[in-house]
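Subject: Structure for you to look through

Dear colleague,

I am handing over the structure that we talked about, and below it you will find an account of what was found in it. Please keep the model open while you read, so that you can follow each part by eye.

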Amino acid sequence: MEEEKYMQRCIQLAQNGHNNVPPNPMVGAVIVCDNKTIGEGYHIKFGGPHAEVNAINSIKDRSLLKRSTLYVSLEPCSHYGKTPPCADLIIQKEIPKIVIGCQDPFREVAGRGIKKLRDAGRDVIVGFMEKECKELIKQFTTFHLLKRPYITLKWAESSDGYIDIEREKGSPIILSTELTSMLVHKRRAESNAIMVGTRTAQLDNPALTVRNWYGNHPTRVVIDRRLTLPLSLHLFDNSIKTLVFTEEQYAKTIDEKIEYITLDFKADIIPQILTALHNRRIQSLFVEGGTILLQSFINNSLWDEVFIEENPIKLGSGVKSPQINDKNKDFIEKHFGRVIHHYINKNEK
């Protein structure tokens with residue numbers, strides 16, 4: 001089907017903006033005239049021109065717009081934000097037909113762009129390849145509708161269900177390969193923030209950076225209830241924005257990149273953390289902590305995806321891996337000779 005080809009191209013284009021457009025959604029646009037693509041564009045970076053604008057600007061002969069069809073993965077905006085409304089530009093350029101993948105969940109748009117286009121006499125089709133287009137903006141949708149970041153949990157475990165040996169010091173058991181570690185860094189680059197607990201920070205001294213992939217370093221998040229973590233850890237090297245959740249009321253700021261946030265540890269802290277992250281416009285969270293932290297997210301059903309790498313070795317004993325409800329869909333993936341279990345939280349969908 002010819003129309004599917006154009007919308008699939010919109011989705012492909014949109015993904016180019018994955019690391020640079022949040023907190024805005026990824027969007028792609030294609031303009032077709034006489035069954036030929038005459039313009040393409042995507043939202044390149046936050047604050048920059050939207051996909052529709054870039055697609056229109058890519059066309060040399062603008063007179064063709066009056067008999068063209070615009071394909072766009074997300075409803076064109078109708079409000080003034082960092083850029084003017086795309087719906088107004090589409091009307092101004094007299095584009096007669098617009099095919100939209102899905103409606104914008106953002107309350108400032110949410111159908112208003114579609115209405116504006118239809119009120120201007122445009123032929124508007126909505127919901128074309130809707131499932132695929134909604135998948136493209138799942139982080140944006142979760143952030144705006146559930147008022148929390150999109151949460152991805154990750155760990156590697158032995159074939160008998162352990163993530164590490166029991167230890168009070170020393171190096172952790174490495175259960176990932178160099179190649180599967182690269183995939184982890186890719187997911188880090190695609191996340192706004194990355195989180196570990198106190199014990200992981202203390203024992204492993206992780207840098208939580210993107211070293212084996214291209215992209216921005218995520219904001220680092222750590223729980224340090226009583227501020228016992230030494231400032232010599234990589235987390236406090238002042239190179240990356242770091243959020244420290246504590247019960248202390250007056251934690252001393254050691255650098256502008258280190259922010260202390262006070263929680264009520266007598267109550268469940270996970271919802272408090274997610275609210276604080278949402279208030280700071282962090283749209284996606286990647287959790288790499290130990291079993292206690294990961295299980296806390298699972299028990300609260302506050303997660304969206306889980307990736308579990310299975311190492312064929314047996315440890316026999318050690319730190320048990322988190323347990324996930326088997327009612328959630330388990331997709332078996334294979335990467336670089338390793339089995340990776342990919343779960344999607346059906347309770348949140």
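Which residues does Ser 158 touch, not counting residues up to four places away in sequence? In this model, which is a predicted one, Ser 158 touches Leu 175, Asn 311, Ile 313 and Leu 315 when those sequence neighbours are left aside. Ser 158 belongs to strand β6, which covers residues 150–158, and its side chain is joined to that of Asp 160 by a polar contact of 2.5 Å. Because its relative accessibility is 1%, and buried means under 20%, Ser 158 counts as buried.

The protein chain holds 10 helices and 16 strands, and its C-alpha atoms fill a box of roughly 70 × 45 × 35 Å along the principal axes. For 349 residues, a compact globule would have a radius of gyration near 20 Å, and the 23 Å of the protein chain agrees with that. Of these 349 residues, 50% count as buried. Among the contacts with a separation of 6 or more, 68% are between residues 24 or more positions apart.

One sheet to look for is an open one of 5 strands, in the order β2-β1-β3-β4-β5, with mixed pairing. Strands β2 (36–42) and β5 (123–126) stand at its edges with a single partner strand each, so one side of each is left without a neighbour in the sheet. Direction ignored, neighbouring strands of this sheet are turned by 15° against each other on average. Within the sheet, β3 (residues 69–74) and β4 (residues 97–102) pair in the parallel sense over 5 bridges, and Val 72 has Ile 100 in β4 as its bridge partner. Helix α1 (residues 2–14) lies across β1, β2, β3 and β4 and runs at about 145° to β1, while helix α4 (residues 112–119) lies across β4 and β5, at about 155° to β5.

The largest nonpolar core has 39 residues, of which Met 7, Val 30, Ile 31, Leu 70, Tyr 71 and Ile 98 touch the most other members. Several elements give two or more residues to this core, including α1, β1, β3 and β4, and α1 gives the most, with 6 residues. If you select Leu 70, you will find that its contacts, not counting residues up to four places away in sequence, include Val 30, Ile 31, Ile 90 and Ile 98. A second, separate core of 32 residues includes Trp 155, Ala 193, Val 221 and Leu 243.

Finally, please look at strand β16, which covers residues 338–344. Why is this strand described as largely enclosed by the rest of the structure? The reason is that 5 of its 7 residues are buried. Strand β13 (residues 305–311) is joined to β16 by 6 bridges, and the two run antiparallel; strand β15 (residues 329–335) also pairs with β16 in the antiparallel sense, over 7 bridges. Val 339 in β16 stands opposite Glu 310, and Val 339 is also the bridge partner of Lys 334. Strands β15 and β16 form a hairpin with 2 residues between them, and in the turn Phe 336 has a positive phi of about 55°.

With best wishes

Note on methods. Residues are numbered from 1 along each chain as its sequence is written. This is a predicted model: local features need pLDDT of at least 70, side-chain atom pairs count only at pLDDT 80 or more; totals for chains, interfaces and linings use all residues. Side-chain values use heavy atoms; hydrogens and water are left out. Buried means under 20% relative accessible area, exposed over 50%, partly exposed in between (1.4 Å probe, protein chains only). Helices (H or I, at least four residues) and strands (E, at least two) are DSSP runs, numbered from the N terminus. Two strands pair if DSSP finds at least two bridges between them. Axes are lines fitted to C-alpha atoms, for helices over the stretch in contact, and angles run from 0 to 180 degrees between N-to-C directions. Contact means heavy atoms within 4.5 Å. A nonpolar core is a set of buried Ala, Val, Leu, Ile, Met, Phe, Trp, Tyr and Cys residues joined through side-chain atoms within 4.5 Å. A polar contact is a pair of N or O atoms within 3.5 Å; within protein, one must be able to donate a hydrogen and the other to accept it, and residues adjacent in sequence count only if both atoms are side-chain atoms. The radius of gyration is taken over C-alpha atoms; the globule rule is 2.2 Å times the number of residues to the power 0.38.
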